[in-house]
Amino acid sequence: MSLTLTATDADTRPYEATLLDGVLSERNVAGATFNNGLLRFHNAASAELAQQNLYEFFSDRASELTPFAVDWRGRHFCRVQLDGEDMALRADSAFNEASPLTDYAGTVAFLLDDPGAVEFLEEAVMQEAFAALQIFGLRFTDCIGLKVPAFLGGEETIANMEVNDMDVYWSFNAQVYNQVKDTPPGTPIRLG
């Protein structure tokens with residue numbers, strides 16, 4: 001099953017079109033939501049906020065990233081130059097990681113055209129979370145995040161998931177991570 005357009009944000013201005021080489025603008029997906037929040041393509045406002053969140057979390061390394069989409073878990077898909085290659089990666093604040101994918105244009109084509117994208121984006125898990133949280137979909141600015149981030153030992157279970165404003169979720173994870181990143185392993189940490 002491929003992605004299905006389920007909503008479009010009122011703001012459909014593309015973000016940094018020159019940095020994204022028209023790959024997205026020619027598909028006219030800025031502000032688009034697919035499968036009730038499984039995948040959303042950033043518009044000018046959401047991508048600018050995503051860029052700020054990336055800076056909060058990854059500091060100066062974020063200057064190399066250009067966010068173009070976000071999934072239901074609040075993981076940002078970004079364009080980046082790695083070793084001279086035009087690549088895409090997925091940045092995840094709950095795990096404190098940025099995972100390289102494939103080339104940028106190939107990643108966009110996979111996400112929009114390949115039926116395997118639905119499985120890659122874990123739609124079945126998203127539907128389980130929707131049922132447990134008694135929701136049908138996500139607002140353009142929301143995600144389903146981990147209550148206890150994985151970098152603190154939180155597990156990827158439905159019981160550890162909740163709906164969050166994406167900006168608040170990324171900022172919270174960045175603040176916590178930046179406070180604990182230099183603590184010795186095993187140090188007790190209390191949230192809240």
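User: In this predicted model, which residues is Arg-40 in contact with, leaving aside its neighbours within four places in sequence?

Analyst: Start with the position. Arg-40 is found in strand E3, residues 39-41. Contact means heavy atoms within 4.5 Å. Leaving aside neighbours within four places in sequence, the contacts of Arg-40 are Ala-32, Thr-33, Ala-69, Val-70, Asp-71, Trp-72, Leu-138, Arg-139, Phe-140, Thr-141, Asp-142 and Met-166.

User: Arg-40 has no salt bridge; how far away is the nearest side chain of opposite charge?

Analyst: Arg-40 is buried. A salt bridge needs a side-chain nitrogen of Lys or Arg within 4 Å of a carboxyl oxygen of Asp or Glu.

User: The backbone oxygen of which residue lies 2.5 Å from a polar atom of the Arg-40 side chain?

Analyst: Look at backbone oxygens here. The one of Phe-140 lies 3.4 Å from a polar atom of the side chain of Arg-40. The one at 2.5 Å belongs to Asp-142.

User: With which residue does the side chain of Asp-142 form a salt bridge?

Analyst: Asp-142 is buried, with a relative accessible area of 9%. The N to O distance in the pair is 3.0 Å. The partner is Arg-139.

User: Are Asp-113 and Arg-27 buried, partly exposed or exposed?

Analyst: Asp-113 has 44% relative accessibility. Arg-27 has 31%.

User: Which residues are linked with Arg-75 in a network of salt bridges?

Analyst: Arg-75 is buried, with a relative accessible area of 4%. It forms a salt bridge with Glu-122, the closest N and O atoms being 2.9 Å apart. Arg-75 lies in the loop between strands E4 and E5, and Glu-122 in the loop between helices H3 and H4, so this pair joins parts 47 residues apart in sequence. The residues linked with Arg-75 in the network are Asp-71 and Glu-122.

User: With the side chain of which residue does the side chain of Arg-13 make a polar contact?

Analyst: Arg-13 is found in the loop between strands E1 and E2. Not counting residues up to four places away in sequence, it touches Ala-30, Asn-43, Ala-44 and Ala-45. The polar contact is 2.8 Å, and the partner is Asp-11.

User: What is the radius of gyration of the protein?

Analyst: The protein has five helices and nine strands. The globule rule gives 16 Å for 192 residues, and the protein's own value is close to that, so it is as compact as a globular protein of that length. The radius of gyration is 16 Å.

User: What share of the residues of the protein count as buried?

Analyst: Buried means under 20% relative accessible area. The protein exposes about 9,500 Å², and carbon and sulfur atoms supply 51% of it. Of its 192 residues, the buried share is 46%.

Key. Residues numbered from 1 in each chain as written. Predicted model: local features only at pLDDT ≥ 70, side-chain atom pairs only at ≥ 80, totals over all residues. Heavy atoms only, no water. Helix = DSSP H or I, 4+ residues; strand = E, 2+ residues; numbered from the N terminus. Buried < 20%, exposed > 50% of the residue type's maximum accessible area, 1.4 Å probe, protein only. Lys, Arg positive; Asp, Glu negative; His and termini not counted. Polar contact = N/O pair within 3.5 Å; in protein donor to acceptor, adjacent residues only side chain to side chain. Rg over C-alpha atoms; globule rule 2.2 N^0.38 Å. Areas by Shrake-Rupley, 256 points an atom, 1.4 Å probe, with all protein chains shown as cover.
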